[in-house]
Amino acid sequence: MTSPKKRAQILQDHLKKGNTFFPPFTFKEGIGRFDEINWRADFVPELIWIALLIEEYGFDKSKNLACALAILSMQLRQTEQLPDFGMVSAYEPLGETTKRNINKHLDSKGVLQEISKPLVPLVTLYPDCPLSFLIEGEKNRCSVDHASTKVAPILEECLYRGEKLPTLVQAVYYELSIASGKLKFVAPLGPHNTDPIKEYPNTDESKRLASMLRANACHMTAMGHSKKWVQYFWRKGRDIGPCVPKKSSDLHLNDFPQEFILYNTECFKQYHDGCNKLWEYIERNYVIDFYSPLRDEIRLSLFCRIYRLTVHVVSFIPNWTEDIAEIFLRMIIESYIYYMWFKKNGTEESYEKFYVYGLGQQKLRKEHISNYLKKQGVPEEEIEQQNPGLSFLKNHKMDEFIPVNIGNPLDKNLRIIAEEADCREIYSLIFSPASSAIHGMYDSLERFYLKTCLNPFHCYHKVPYYWSKSAVSSYGVINCLEFTDWIFADLVKDLNGKLPDKMPGEIYIENLNDNKALEEFTKRDDVQEWINLSAQFRNNVKE
């Protein structure tokens with residue numbers, strides 16, 4: 001007999017502390033902990049000046065100009081520290097005398113104008129840029145419109161670290177770090193030849209070199225420089241054009257033609273009729289224990305909840321939107337897991353626990369409402385009349401005999417219940433991920449309620465997507481239908497019934513995707529009449 005396969009552990013390479021699983025690189029109590037870098041927010045403003053040089057002169061000349069400035073700045077600095085003159089921020093602490101001397105020496109070498117020319121648009125947009133001392137005489141030679149047009153595409157490409165321009169920028173940064181003495185080597189190690197980077201990303205050698213250059217640029221975070229410039233850079237971006245939300249190519253509610261909306265009503269009617277036939281069979285053949293009906297009430301009501309939630313999704317197209325459908329689907333899955341658990345493991349005690357848990361929730365509700373109304377000075381008699389929790393409990397048990405469980409209905413969480421009901425994959429793949437949509441966690445907020453701003457001066461932040469509905473997806477509709485079909489089939493088979501060749505949900509999906517049927521439906525006289533009447537109504541409203 002072969003031994004059962006060991007279940008693959010999820011996140012087995014992570015380190016668990018409390019309820020959180022940490023990747024090894026981020027575990028705070030581990031050795032050699034790494035910190036993430038923020039390329040866009042922290043690095044791009046520091047290196048944008050190099051990108052402007054490269055765009056103007058190409059890699060080789062930009063390297064020479066940047067190194068000339070960095071070496072001279074290192075030589076003329078008035079401190080023993082070794083600033084990183086590859087970064088814009090490094091020029092901020094320089095005194096006015098040092099800045100004048102830098103300009104004087106660059107001018108004597110005939111390179112001041114060459115360095116300053118590409119930086120004019122940058123200083124036009126950011127007057128407080130630490131490099132503004134290089135172009136005092138040219139500051140007003142560029143309009144803001146021209147400057148933003150010049151800088152925007154360069155900035156946009158630099159926001160993506162793996163693109164060619166930012167890769168060349170990091171190569172120049174590497175070269176000037178060496179030239180200024182900031183980066184040194186111990187024999188037998190020596191500097192890399194950066195010339196092959198000009199072929200990036202077309203050769204393997206350039207790709208390997210690019211990886212080394214990116215690793216080297218990460219050392220900028222250890223320099224301890226002020227963030228005054230980078231914060232100014234992005235905050236100033238508010239003045240450089242409005243937010244430009246990314247346009248979506250997804251299907252939205254207003255993309256549906258009227259004919260399709262009417263056709264869906266027809267498809268749903270057929271689905272509803274098919275489900276009603278199955279319900280009629282269940283009602284005729286399900287034998288309820290009238291002496292102790294709790295088991296049957298719980299199972300059938302869970303089934304009703306699944307079906308009703310599915311009806312709300314399928315029948316109303318606005319509920320097909322990704323966020324709303326996912327919320328409905330999670331509620332369906334929760335009831336499905338409970339239904340399957342009760343079918344497999346349900347005992348008289350477990351049904352009673354589930355029942356009493358529900359009564360306890362109403363008792364807790366009653367207590368909160370009563371306490372609130374008492375504080376408002378409402379008389380006791382009136383509180384009893386206005387308290388829905390109290391009315392509910394009176395139909396079941398005396399208040400004094402009802403415990404309140406603030407934990408789980410069956411004294412175990414739903415993940416354990418799902419495993420015991422053979423629904424582990426359903427829990428992991430559908431129920432658990434939908435938790436974010438239910439509770440409004442950040443991943444859900446970004447997916448459904450935020451859009452990326454495409455203005456590069458805004459650092460690709462997210463803007464609120466406040467239109468009434470998010471994109472439409474088939475994910476929720478199809479899954480809701482499938483689970484409802486499964487539970488219909490399960491119950492009908494338990495009652496020794498014969499299933500139809502195709503379940504209602506399967507037929508609905510086929511009909512919805514039948515283009516020929518949709519075309520024939522659209523040509524019907526009654527459909528055309530509906531469309532015409534709708535058009536007349538809209539015209540009357542406009543008038």
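## About the model

This is a predicted model, in which local features need pLDDT of at least 70 and side-chain atom pairs count only at pLDDT 80 or more, while totals for chains, interfaces and linings use all residues. Residues are numbered from 1 along each chain as its sequence is written, and side-chain values use heavy atoms, without hydrogens and water.

## Helix H20

In helix H20 (residues 504-512), Pro504, Gly505, Tyr508, Asn511 and Leu512 are buried (under 20% relative accessible area, 1.4 Å probe, protein chains only). Helices here are DSSP runs of H or I, at least four residues, numbered from the N terminus.

## Two nonpolar cores

A nonpolar core joins buried Ala, Val, Leu, Ile, Met, Phe, Trp, Tyr and Cys residues through side-chain atoms within 4.5 Å. The largest has 73 residues, and Trp49 and Leu134 touch the most other members. H1 supplies its largest share, twelve residues. Apart from this core lies another of 70 residues, including Tyr286, Tyr336, Val356 and Val477.

Leaving aside neighbours within four places in sequence, Leu134 is in contact with Leu69, Ile102, Asn103, Leu106, Leu112, Ile115, Ser116 and Leu119, contact being heavy atoms within 4.5 Å.

How values were computed: Buried means under 20% relative accessible area, exposed over 50%, partly exposed in between (1.4 Å probe, protein chains only). Helices (H or I, at least four residues) and strands (E, at least two) are DSSP runs, numbered from the N terminus.
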